[in-house]
Amino acid sequence: MAGISAVTPIGAVESAEAARLSSGIGEVDRVLGGGFVPGSIALFGGDPGIGKSTLLLQVAGRLAQAGSQVLYVTGEESVAQVRGRAERIGAVVDGLHLAATTDLETALAAIDSARPALAVVDSVQTLTSGELTGPAGSVGQVREVAARLAEIAKGGGTCIALVGHVTKEGTVAGPRTLEHLVDAVIYLEGERLGSTRLLRAAKNRFGSTDEVGVMEMRGDGLAEVADASRFFLESDETPSAGTAVTIALEGTRPLAVEIQALCAPAGYGSPRRATTGIDTNRVLMLIAVLARHAGLNLTSHDVYVNVAGGLRIDEPAADLAVAAALASSLRERPVRPATVLAGEVALSGGLRSAVRAERRMVEASRLGFERLITGPARGALRGEPGPAGLQVARDIREAIGHALEP
Ligand code: TYD
Ligand code: MG
């Protein structure tokens with residue numbers, strides 16, 4: 001009857017939610033889905049130099065400060081170097097222990113004897129197992145490192161935060177090598193020269209992958225951003241030509257984001273189209289729709305589109321603000337004051353309301369905007385008044401007419 005003993009009434013099972021271990025940083029907890037789950041392993045990926053070691057040393061310090069035992073295993077730096085960084089970010093605390101090794105078995109033994117609440121392992125690419133012959137960072141080694149760490153996490157209820165550098169191919173240690181071996185994959189992103197850092201979950205067995213954390217790299221480590229929804233607005237001044245604001249929905253959090261466009265007369269040859277923070281093909285599509293359906297011809301203009309603050313926007317609801325920024329730059333007329341735009345543009349020039357337009361309008365009002373221009377909601381009841389401030393346009397021509405200063 002061995003199999004039967006594994007059957008438990010659901011009411012008698014302890015919920016993983018109850019046991020979450022707060023990272024001590026709200027933005028990290030948000031992307032984790034409420035904190036670390038004991039016995040789980042989370043991979044923190046990102047480009048070299050983006051701030052992974054800094055972030056996890058901060059987390060380690062906060063947890064230790066809150067009374068937990070934390071072990072930081074470093075395979076990249078000496079303990080003296082880690083101590084130096086810890087001084088800078090205020091993480092020299094009792095309860096935080098360091099171990100410098102590149103040997104997986106040594107790291108596992110350290111975790112096994114300390115049984116910390118959290119073990120940070122920095123990084124998966126620097127540890128090697130003596131049981132394999134491949135070099136550090138090879139697919140075989142990184143898989144072995146992640147698998148053995150996952151095993152020890154589950155066995156002892158320790159949370160493991162594993163650091164991984166993103167490779168040239170753009171994923172941690174090659175496509176999909178590690179993602180299925182860990183419970184969560186969190187990416188730390190940002191422009192190297194800018195100070196904004198975004199945390200995004202690419203996988204999360206214990207939470208949503210829609211949430212985004214926003215942080216800022218400062219001289220004393222990564223700081224939480226006080227009012228994230230306002231953070232991506234370049235300025236509070238009256239808008240200049242070529243900028244339009246949208247309310248993006250990242251997860252459950254609305255963010256006001258400024259879209260900047262520049263349309264400049266092109267030289268000879270085909271005009272340039274360059275974008276940062278938004279899909280270039282989407283912008284090409286909007287350029288074509290503006291030409292065909294709004295009488296705005298950009299064929300002899302170079303076009304640059306930039307999402308302010310280093311954010312990357314993927315949702316179609318950003319279309320309308322991009323189109324308005326382009327129109328504003330070409331016509332040299334600013335967007336009307338206190339106006340934001342959110343709606344999807346169709347190839348026909350028609351518009352569709354942004355999903356959860358009301359939620360976006362609420363946030364827009366909170367930030368001092370008075371109107372949100374959007375498209376008609378699908379299946380909306382005719383004649384039913386929308387929330388105050390929502391201005392519905394049927395097509396792109398009408399929306400741009402509403403948006404730009406006369
Ligand atoms: P690091 O955490 O070492 O990056 P990773 O582990 O992802 O490779 O971060 C390195 C960069 O962060 C480095 O360019 C210096 C900068 N930094 C700050 O700006 N402020 C700080 O307080 C710290 C510790 C680092
Ligand atoms: Mg590092």
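Select ligand 1 and the residues around it: 17 residues surround the ligand, and the closest are G49, S53, T54, R218 and G221. A residue belongs to this shell if one of its heavy atoms lies within 4 Å of the ligand. This is a predicted model, in which local features need pLDDT of at least 70, side-chain atom pairs count only at pLDDT 80 or more, and totals for chains, interfaces and linings use all residues. Residues are numbered from 1 along each chain as its sequence is written, chains are lettered from A and ligands numbered from 1 in the order in which they are written, and side-chain values use heavy atoms, with hydrogens and water left out.

Colour the shell by residue class. It divides into four nonpolar, seven polar and six charged residues; Gly counts as polar, and Asp, Glu, Lys and Arg count as charged.

- G51: a backbone N or O atom lies 3.0 Å from an oxygen atom of ligand 1.
- K52: a polar backbone atom is 2.8 Å from an oxygen atom of ligand 1.
- R218: a backbone N or O atom lies 2.7 Å from a nitrogen atom of ligand 1.

Switch to a surface view. On its own, ligand 1 has 560 Å² of accessible area, and the protein covers 75% of that (Shrake-Rupley method, 1.4 Å probe).

In cartoon view, select α2 (52-65), α3 (79-89) and β8 (212-218), the elements that give two or more residues to the shell around ligand 1. Helices here are DSSP runs (H or I) of at least four residues, and strands (E) of at least two.

Finally, select F36 and F44. F36 is buried because its relative accessibility is 2%, under the 20% cut-off with a 1.4 Å probe and protein chains only. F44, at 4%, also counts as buried.

Technical notes. Buried means under 20% relative accessible area, exposed over 50%, partly exposed in between (1.4 Å probe, protein chains only). A polar contact is a pair of N or O atoms within 3.5 Å; within protein, one must be able to donate a hydrogen and the other to accept it, and residues adjacent in sequence count only if both atoms are side-chain atoms.
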